[in-house]
Amino acid sequence: MAFTAIRRDEIREYVSPRDPDPEKPTVWLLGALDHRTRTYIDDMTTEFEVSSSSPKDKAKVSLRINERNFQLVRWGLRGWRNLLGEGGQELAFDTDTVSIDGKSYKVVAQRLMELLPYQVIAELAGQVDGQNRLSEAEKRNLG
Amino acid sequence: MRSIRGCDEPTATPQFEFEGENLNQCPMKFLKRPTLQYLRHFRFFQMGWLPQEGGIMDQTAKFVEAMEYLGIQFAKVKEDAQQPGSRAYPPP
């Protein structure tokens, strides 16, 4: 079934084309972000600077891209299969509980996030971001 | 009705026009499954029924984006339909 992200519990399985073990690759379980989380990540990682002397000029936008990638994965990654840790043992998925505006969410445990390589986080963040937005093809089909 | 609209087989002559192009098949056949689901939910959304419990912040980001996008598209169609000589059908 297609991943529509209409419901929060929808999951899409993703295997990286760059996985070092194509025989038994890591399967990443990527989920849907709710509107509160999306705006929280956007607000946390985006800054707009308006010139006080020329307020009609275009605002300068700064994006904290690494922080954004980290948060997208922390909130969008719902599990995995076949992820091996040190010593070749399968790494168990675990979560921390975090709240936004009084609502509790289970997100990837901080200690596990710290084990994921930078390139993996960047790749997974791209997938989480993409599947939680309308693509141009989807917009054309809707329009 | 299905054969007239080209729901199963293309019709001999075009029955629909989309963005200046004549279609001899039902336009619904071009819509992908997620699009049909978003359209279905758009009607519920207009009545205030949401797919997830809670308010708008509890809905998925993509759902909110899709509803906003559909709202804009339907408003455009409605505006076009009100133009003199328009062949567009006003949305329900």
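Are α2(A) and α4(A) roughly parallel or roughly perpendicular to each other? The model is a predicted one, in which local features need pLDDT of at least 70 and side-chain atom pairs count only at pLDDT 80 or more, while totals for chains, interfaces and linings use all residues. Residues are numbered from 1 along each chain as its sequence is written, and chains are lettered from A and ligands numbered from 1 in the order in which they are written.

Helix α2(A) and helix α4 (residues 118–131) of chain A pack with their axes 8 Å apart and at an angle of about 65°, where axes are lines fitted to C-alpha atoms, for helices over the stretch in contact, and angles run from 0 to 180 degrees between N-to-C directions. The two helices are therefore roughly perpendicular to each other, given that angles under 35 degrees count as roughly parallel, over 145 as roughly antiparallel, 65 to 115 as roughly perpendicular and the rest as oblique. Their crossing is left-handed, a term used if the near helix is turned anticlockwise from the far one by less than a right angle, with right-handed used if clockwise. Asn69(A), Phe70(A), Leu72(A), Val73(A) and Gly76(A) of α2(A) meet Ile121(A), Ala122(A), Leu124(A), Ala125(A), Val128(A) and Asp129(A) of α4(A), two residues being in contact if their C-beta atoms, placed from the backbone, lie within 7 Å. By class, this contact has eight nonpolar, two polar and one charged residues, with Ala, Val, Leu, Ile, Met, Phe, Trp, Tyr, Cys and Pro counted as nonpolar, Asp, Glu, Lys and Arg as charged, and the others, Gly among them, as polar.

Helix α2(A) also packs against α1(A), at an angle of about 160° and with the axes 9 Å apart, and these two helices are therefore roughly antiparallel to each other. Here the crossing is right-handed, and the contact is made by Thr37(A), Ile41(A), Met44(A) and Thr45(A) of α1(A) and by Glu67(A), Arg68(A), Gln71(A), Leu72(A) and Trp75(A) of α2(A).

Within α1 (residues 35–45) of chain A, His35(A), Thr37(A), Arg38(A) and Ile41(A) are buried, that is, 20 or more other C-beta atoms lie within 10 Å of their own, whereas 12 or fewer make a residue exposed and counts in between partly exposed, with C-beta atoms placed from the backbone. They cover an arc of only 165° around the axis, which puts them on the same side of α1(A); the arc is that of the directions from the helix axis to the C-beta atoms. The face turned away from this buried side carries the exposed residues Asp43(A) and Met44(A). What covers the buried residues includes α2 (65–76) and β6 (95–100) of chain A, together with α3 of chain B.

Chain A as a whole has five helices and seven strands, where helices (H or I, at least four residues) and strands (E, at least two) are DSSP runs, numbered from the N terminus. Of its 143 residues, 21% count as buried.

The contact between the chains takes 24 residues from chain B and 20 residues from chain A. On the side of chain B that touches chain A, α2 (33–46) and α3 (61–81) of chain B each supply at least two residues, and the largest share, nine residues, comes from α3(B).
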